[in-house]
Amino acid sequence: MRELKLSRLTLAAFAVLVLYGPIATAQECASVWTSLRGRPNYSRNWYSTLVPWDDGSGPALFIGGPNSLSRWNGTTWTQMSVGGGNPIHAAGLFDDGTGLALYLGTERGLYRWNGVSVTQLSYTGSSVFSIVRFTDANGPAFFFSSFGEVYRYDGATTTRIAYAPARWGPSALAVFDGGTGPALYFGGAFTTVDGTTARGLAEYDGTNWSEVGGGIGGVGYYGMEPGITALAVIDEGAGPRLFVGGWCTEIGGQPGSIARWDGQNWERLGVFVNQDKYVGGFRWLDTGGGPAVHVCGDFDAISDDSVTDLARWDGQHWRPVGGGIPYTNGAGNYINAIEQFDAGDGLKFYAVRQFSSGGGTNFVSVMRYGCVCPDRDGDNLVGLSDLSLLLTQFGLSSGADDIDGDADVDMVDLALLLSLFGEQCP
Ligand SMILES: [Ca+2]
Ligand SMILES: [Ca+2]
Ligand SMILES: [Ca+2]
């Protein structure tokens, strides 16, 4: 009888603990946007890429920017000069048969970083905006685009395979199979390719170029021709689609700035409401709510959806990521690249931001979105000792107990800690 009472009491106490005690973790961490320290740099438009890769020295995120290749390992930056400080416009991981390497499109041609050294591969004298690897009738090769041109580089020889006069850049390449086998697609601010009418988007059959899906139109770059600025092949589950985005307001004769092409038909996913907006890139990511197509660039509304510079497609509408990227300083913001990367502390999302400070100077910074936990003493609980640690370092610009990753221990960190006080960390 007594044992029964005790066990009822124990059960009741356990129930109270489960319902009201610290075991009942409603929230395990907070996903927040923060700005990483250490990468402000002079820039010009459209110069940024993000590629996660372990080049032999550990997991890292490679950021191609205005005058160097930067490597972020989750804690610190290292920088590598490419061709004496060439601005980097494009980057991608490819294996030409000699092993995986990071290929870089710069203002002066194509380079390769193999984890040890940088090698120049091809010099064309013009900016490289996009790199793909594709097998045509002559075998596998790199194809890269610049202002209105596409080049083929087979490891020894560089050959121009498209001439498409363009008044502005950038341009984009993708390899997509629309039902008749893989083909090379080329987007840019052109109206003809090799003399054939092709408004903004063209497909290569190995010999000739032809327009895709009626081309693009509408309002372009500050009154100039409309242009495609980003291409990506993404499979949302119904098969691969070619995602197309640009500085344009019509795709295939209908209103659109973003659309997907299945090889036969367009599905338009919205049009920029205000002028002089463009797409920087597409990525398939899960920033919350399941894997989805994400678009970045410079925009403030896509059709009826109010979204700024980065958005997630939920199947019906464009949604902000984490309430939207908070811009706390500067103006003229662009997001030119997004990517996911795990430095060993959990998957996080990175975005390259370009902004102006006034006076005509542009800067690049890297924003990060992901889960943070304010447990600083390592007991997996957010408690008084964590608060005490934070307060002793409050105001320091290199505090070890910084929470959000910007190195400053300030009100943002304190608010994060208080919002998760009493919670368990994952
Ligand atoms: Ca913007
Ligand atoms: Ca703790
Ligand atoms: Ca902080």
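Tyr334 stands opposite Gln354 of strand β32 in this predicted model. The two strands concerned are β31 and β32 (residues 347–356), which pair in the antiparallel sense over nine bridges. Both belong to an open sheet of four strands, whose order is β1-β33-β32-β31 and whose pairing is antiparallel. At the edges of this sheet stand β1 (30–35) and β31 (331–342); each has a single partner strand, so one side of each is left without a neighbour in the sheet. Direction ignored, neighbouring strands of the sheet are turned by 20 degrees against each other on average.

**Helices α2 and α3**

The buried residues of helix α3 pack against β1, against β33 (362–372) and against helix α2. In α3, the residues Asp413, Leu416 and Leu417 are buried. These residues cover an arc of only 95 degrees around the axis, which puts them on the same side of α3. An α-helix has 3.6 residues a turn, so residues three or four places apart point the same way. On the other side of α3, Met411 and Leu418 are exposed.

How do the axes of α2 and α3 cross, and within what distance do they come? The axes of α2 (residues 384–392) and α3 (residues 411–419) come within 11 Å and cross at roughly 175 degrees. Angles over 145 degrees count as roughly antiparallel, and α2 and α3 are therefore roughly antiparallel to each other. On the side of α2, the contact is made by Asp386, Leu387 and Leu390, and on the side of α3 by Asp413, Leu414 and Leu417. The residues of this contact divide into four nonpolar, no polar and two charged.

**Strand β15 and its partners**

Elsewhere in the chain, strand β15 (residues 182–187) is paired with β14 and with β18. Is β15 largely enclosed or largely open? Five of its six residues are buried, so β15 is largely enclosed by the rest of the structure. Strands β14 and β15 form a hairpin with four residues between them, and Gly179 in the turn has a positive phi of about 120 degrees.

| Strands | Direction | Bridges | One residue pair |
|---|---|---|---|
| β25 (residues 258–261) and β26 | antiparallel | three | Trp261 and Trp266 |
| β31 and β32 (residues 347–356) | antiparallel | nine | Tyr334 and Gln354 |

**A further open sheet**

Strands β25 and β26 belong to another open sheet of four strands, with the order β21-β22-β25-β26 and antiparallel pairing. The edge strands here are β21 (227–235) and β26 (266–268), each of which pairs on one side only. From one strand to the next, the twist averages 25 degrees. Within this sheet, three bridges join β25 to β26, and Trp261 has Trp266 of β26 as its bridge partner.

Technical notes:
Residues numbered from 1 in each chain as written. Chains lettered and ligands numbered in written order. Predicted model: local features only at pLDDT ≥ 70, side-chain atom pairs only at ≥ 80, totals over all residues. Pairing = 2+ DSSP bridges. Axes fitted to C-alpha atoms, helices over the stretch in contact; angles between N-to-C directions. Buried ≥ 20, exposed ≤ 12 C-beta atoms within 10 Å, placed from the backbone. Parallel < 35°, antiparallel > 145°, perpendicular 65-115°, else oblique. Contact = placed C-beta atoms within 7 Å. Nonpolar A, V, L, I, M, F, W, Y, C, P; charged D, E, K, R; others polar. Arc of directions from axis to C-beta.
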